[in-house]
Amino acid sequence: MNGRRGLSRRSLLRTGLGAGGLAVTTSLLPGLWGRAPGAARAASPDAVPAGASGAAAAFPDWARFARVADGTFDDDAEARDMKPVIDKLKAQNVSVIEVDTILSNWLPDDEFATHMAQMKRFSDLAHAAGIRVIVYYPSLEVISVGGEKGTSFYKDGDGKNWVQRGLDGKPNVFYGSLVVWVDPGDESCWVSPNSPWRDFYLNRVKALARTGVDAIWPDVPIYFDGALSWCDASTWAATAFQADTGLTLPTKADWSQPGFRRYVEWRHHNLNRFQLDIAAAGRSVNPDLVTFVETVTMDYKYATTVGLDGAYLRREDGVSHVWEVDILGNYDGMRHATVSDWTCLISMYKYARAASGTKPAWAFSYGWKADDASLVMAETLAAGCNPYEVKSPFKTDSTDTAMRTRMYGFVAAHERELFAAVSGAEVGVYHSSASRDFVSPVEGSGMYVNTKPPAGVKDWWSFDAPEESCVQQKWLGEFRGTVKALVLAHIPFNTVPSPGLTAADLAGYRVLYLPNLQAVSDAEADVLRAYVAGGGTVVITGPAPTGLDEHGGARTEYALADVLGFRRTDPVPAAKRTAFGQGTCWFFKNLLGLTYLSRTDQPTADKLLEPVRTAAPPAVTLTGDPRVHLELSHLDDATIVQLVNFTAFGETPAAFTTKPTTCTVGLTVPTGRQVRAVTLSSPDHPGPEPKPVPWTTDGDKVRVELTVAQYALLNVASQ
């Protein structure tokens, strides 16, 4: 096993000690998308992908339309060994091969140079077959094979000087069995990006770029917390922290201390700069090279714990993400999901699409069996993410090659509808990185809802620890519950990440949800205030709206007191609706989203959704089961509706089945236009080609009745 090759799911639970004796339990690596509000999104040759937000960035079409799979080769492989691997994947409709070899290991210069020659050979063969190549290269972990008893990078190389250290000064190094991707007897050394390792790694990235590969896949640049918490407190990091902030590195985790909270936020910036340097190093040799960083942190709390916040890269050119969207069970996939768990999966994929900005968002699409794998991939596609299909818990194999071939064939046939369409959503849900970090720090990662393993299922995501559930987290639970309410009401929406927020990010949204928004910067508050003043509607929930600054410090006055219509010295109303400028602010003191996430309570959902139904009734409706996920987008003269059927899931886990469901989609036809054709496409059909379907019209409404097995793509063309 080469480094992290073959691993996806993390299978370790550890308990440490947080501020004031708080027991902190984390699943280690628990999961490895200026116009006025309401203005229409216009399609263009450089259209923003549906669900994306952020500045435009140049990425080649092969990356935007990628269908990705692993295709490694052995250390001693020759061309005759490599070509069958490439041919097999091409037959499965794969367009990009991720090559994962021995780069996880401690390699002397001569071995590295030899391996680069092999990499060039593989890349040339793949290019001759019309396939692109991206190379997996761990960014901060060095594995020494046999290093526990033999020579190792930490004991005998530069590791002892370059290693990450915890706040207590201990080195971030361990030996096999702690995690499944490090074999017994091997050493794993996590190095500081602030140490000379940075230049060493960047020079090797340049050498890799010279081989002619198309892209580099740096694996999870994180402050790994498998052996220690809250790295990096090395002298390298202490110097960098002081240079950036003027502060001394904290000596313990204490959320009440401004210095520690600043350290938590600084780590996001620090790792982001490292990622930018990696991308720049590759492009300095090959200007066409692009970088996709494997990002294990999604919308939940793990970004706080290990420092990697993918949304910080949203506006950066030439570098995007491979999002490791994790599943419930290593050896069960999503087969025993509940409705709430499934909407958490939707939330992660939609966050991934948004946090990659206008760039392609690649994402792991895990499965255990063919039928659950294809349903997970349906959500990957509906969110606008490019699939990297793998069988859990490893990343070397397909869940089912026939399924992959069929699904990837469908993706190839509909790539523009999937990846070049413009979102039709008029509702945004704000994902606040600062509120995630600083609102009510508690135990657990919050990846999913249900923490109790179903009978007979092993290696469950939470290890049966209730504190892992997102219903235990007041910010994340409110965010996830808002997503659940919108999904089950068939209301199209996009996630809006907070890092680098500008007015352009909010253009086109008529309603913006601000779930339990507490920690905001003055600049964020200014953008949100201007949005409401210009005619937008915001929905703010929670008992202390905008009561913290971006570093978690208490404000003397709410940042949006004028928008809210009450001040910090006033009693907090249970609910309030305030006109501000040309817009409106709806406020609810209670955490309605968290309540709805905990139990599917329709009166709570109705209260939470009233602002949307008042200010922005959706242009698309679905009559049928709430458990059909609907996405809306536009491409040229066509309206695209994607439907994912998750009716097999209920309030409690049950055996996985595929249950076709019939529903009716209604669309409002723009004034002056007429529907000329309606087609339906699905990977569930014998072939990927679109089939004409009947429709009816009633005034400016068009209605289409259809049956969805797992996934359907409806194309309504008008003129």
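## Glu-557 and its partners

The side chain of Glu-557 makes a polar contact with the side chain of Arg-567 at 3.1 Å. In this predicted model, the Glu-557 side chain also reaches the backbone nitrogen of Arg-568, at 2.9 Å. Glu-557 lies in the loop between β18 and α18. Leaving aside residues up to four places away in sequence, Glu-557 touches Thr-546, Arg-567 and Arg-568.

## Arg-555 in the loop

Arg-555 is located in the loop between β18 (537-541) and α18 (561-564). Its relative accessibility is 16%, so Arg-555 counts as buried, the cut-off being under 20%.

With residues up to four places away in sequence not counted, Arg-555 touches Val-520, Ser-521, Asp-522, Thr-546, Gly-547, Leu-548, Asp-549 and Arg-568. Ala-352 is 203 residues from Arg-555 in sequence, and their C-alpha atoms are 31 Å apart.

## Helix α3

Helix α3 covers residues 109-128. At 1.5 Å a residue, its 20 residues should span 28 Å; the end C-alpha atoms are 29 Å apart, which agrees. Just after α3, Gly-130 has a positive phi of about 80°.

Which residues of α3 are buried? They are Phe-112, His-115, Met-116, Gln-118, Met-119, Phe-122, Ser-123 and Ala-126. An α-helix has 3.6 residues a turn, so residues three or four places apart point the same way. The cover over the buried residues of α3 includes the helices α2 (79-91) and α6 (197-209), together with the strands β4 (96-99) and β5 (132-138).

Notes
Residues are numbered from 1 along each chain as its sequence is written. This is a predicted model: local features need pLDDT of at least 70, side-chain atom pairs count only at pLDDT 80 or more; totals for chains, interfaces and linings use all residues. Side-chain values use heavy atoms; hydrogens and water are left out. Helices (H or I, at least four residues) and strands (E, at least two) are DSSP runs, numbered from the N terminus. Buried means under 20% relative accessible area, exposed over 50%, partly exposed in between (1.4 Å probe, protein chains only). Contact means heavy atoms within 4.5 Å. A polar contact is a pair of N or O atoms within 3.5 Å; within protein, one must be able to donate a hydrogen and the other to accept it, and residues adjacent in sequence count only if both atoms are side-chain atoms. The expected span of a helix is 1.5 Å times one less than its number of residues.
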